[in-house]
Amino acid sequence: MAGEGDAERSRRARDADPGRHRTDRSGSSAHARLNGAEDRSAPFERSFRALGSLAFANARVSAAAADLDTGETLLAIDDTVALPTAEVGRLLLLVEVAAQFGAGRIAPLDQVAREAGRDAGGGIDDPRVGGLWSSLLLPSLGVIDAATLVGAVRDPVATNGLIRLVGFDAIRARGESLGLRRTALLDYTRATRGPDDAPQSSVGSTAELQQLFGDLVAGRCVDRGASNRVLGWLAAGSDLSLVASAFGLDPVAHRASDHGLQLVNITGADRGVRSEAGALRGSHRGVSYAVTVEFDDVDLETRLGVLDVFRTVGLDLLERVS
């Protein structure tokens, strides 16, 4: 917590500049930039206010959105801060798998063993971890099927098996080659984290995650082939509980355009963490976006309030693209 001097300075800064919000519990302040923030009817004003309310309640919030075609920044709230992103870091794993396909280092039918994925995380069959493969009889899957499970249901066993296949060194190097400085996949999925494990499986800045989705849609992430492979895996994503809850799409069938909307996204959830990054194309425009909230998950009411804020951001994105 900040000392009294820091708190007083932070209060005076907010009074002097209504566009500045304290969103870091360490006492630091960061600009929350929004086009036309002074205009009460400005685009994304609802998002600005909803995320700000969480920040003033001591949550750490970060959000970024940009136009897919022009690159115009639509929303940026503490977007360079690295926060825990839970499973969102698996996006970097999928990028590396797709890149290794293109380079011929792995083949779509190379096998990933279920037991290898379980062993990597330790206690990965804990029902709190989720996933699908642990409930199936298949002892192994082709790489392309394992990647599909990761994109569709954030499957932990498939995630850990693919990490073992391509290696953390390759994933880190790929992230660096893409210019990612605050976004990384740090560890296997684990049911519990001990003192020798990374405190979270991934971290990321919403600015970098939003840009990464923009690059995927434009075919600039590694190359066109790799970008399309990753988008294909993500298009099967079934978690529409956060930002995408505002889009009215079928969680298990939204590959095709539905009322003029097309979505690819990836989500992350852990106790006290919710995160989503994606790209939404509508009848008039497209946007790439990322939102992360780290909060004190003390009761269901608090958690539901956070989910409402994600939906509010989704409503603003929907209004932008429609």
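Predicted model: local features only at pLDDT ≥ 70, side-chain atom pairs only at ≥ 80, totals over all residues.
## Cavities

A search of the whole structure finds two cavities of 30 Å³ or more. The volume of the largest cavity is about 60 Å³.

Sorted by class, the lining has three nonpolar, five polar and two charged residues.

## Helix α3

Helix α3 covers residues 90-103 and has 14 residues. From its first C-alpha to its last, α3 reaches 20 Å, which is close to the 20 Å expected at 1.5 Å a residue.

Of the 14 residues of α3, 12 are buried, so the helix is largely enclosed by the rest of the structure. Buried here means under 20% relative accessible area. The buried residues include the run of leucines Leu 91, Leu 92, Leu 93 and Leu 94. Gly 104 follows the helix and has a positive phi, near 80°.

## Helix α8

Helix α8 spans residues 206-218 and has 13 residues. Its reach from first C-alpha to last is 18 Å, close to the 18 Å expected at 1.5 Å a residue.

Among the buried residues of α8 are Leu 209, Leu 212, Phe 213 and Leu 216. Thr 206, Glu 208, Gln 210, Gly 214 and Asp 215 are buried in α8 as well. In general, an α-helix has 3.6 residues a turn, so residues three or four places apart point the same way. Just after α8, Gly 219 takes a positive phi of about 80°.

## A three-stranded sheet

Three strands form an open sheet in the order β5-β9-β8, and their pairing is antiparallel. The strands β5 (83-84) and β8 (184-185) stand at the edges, each with a single partner strand, so one side of each is left without a neighbour in the sheet.

Strand β9 (residues 202-204) pairs with β8 in the antiparallel sense over two bridges. Within this part of the sheet, Ala 184 stands opposite Val 203 in β9.

Note on methods. Residues numbered from 1 in each chain as written. Heavy atoms only, no water. 1 Å grid on protein atoms, 1.4 Å probe; cavity = no way out; pocket = protein on both sides within 12 Å on 5 of 7 lines; lining within 4 Å. Points joined across faces, edges and corners; volume = space filled by probe spheres on them. Nonpolar A, V, L, I, M, F, W, Y, C, P; charged D, E, K, R; others polar. Helix = DSSP H or I, 4+ residues; strand = E, 2+ residues; numbered from the N terminus. Expected span 1.5 Å × (residues − 1). Buried < 20%, exposed > 50% of the residue type's maximum accessible area, 1.4 Å probe, protein only. Pairing = 2+ DSSP bridges.
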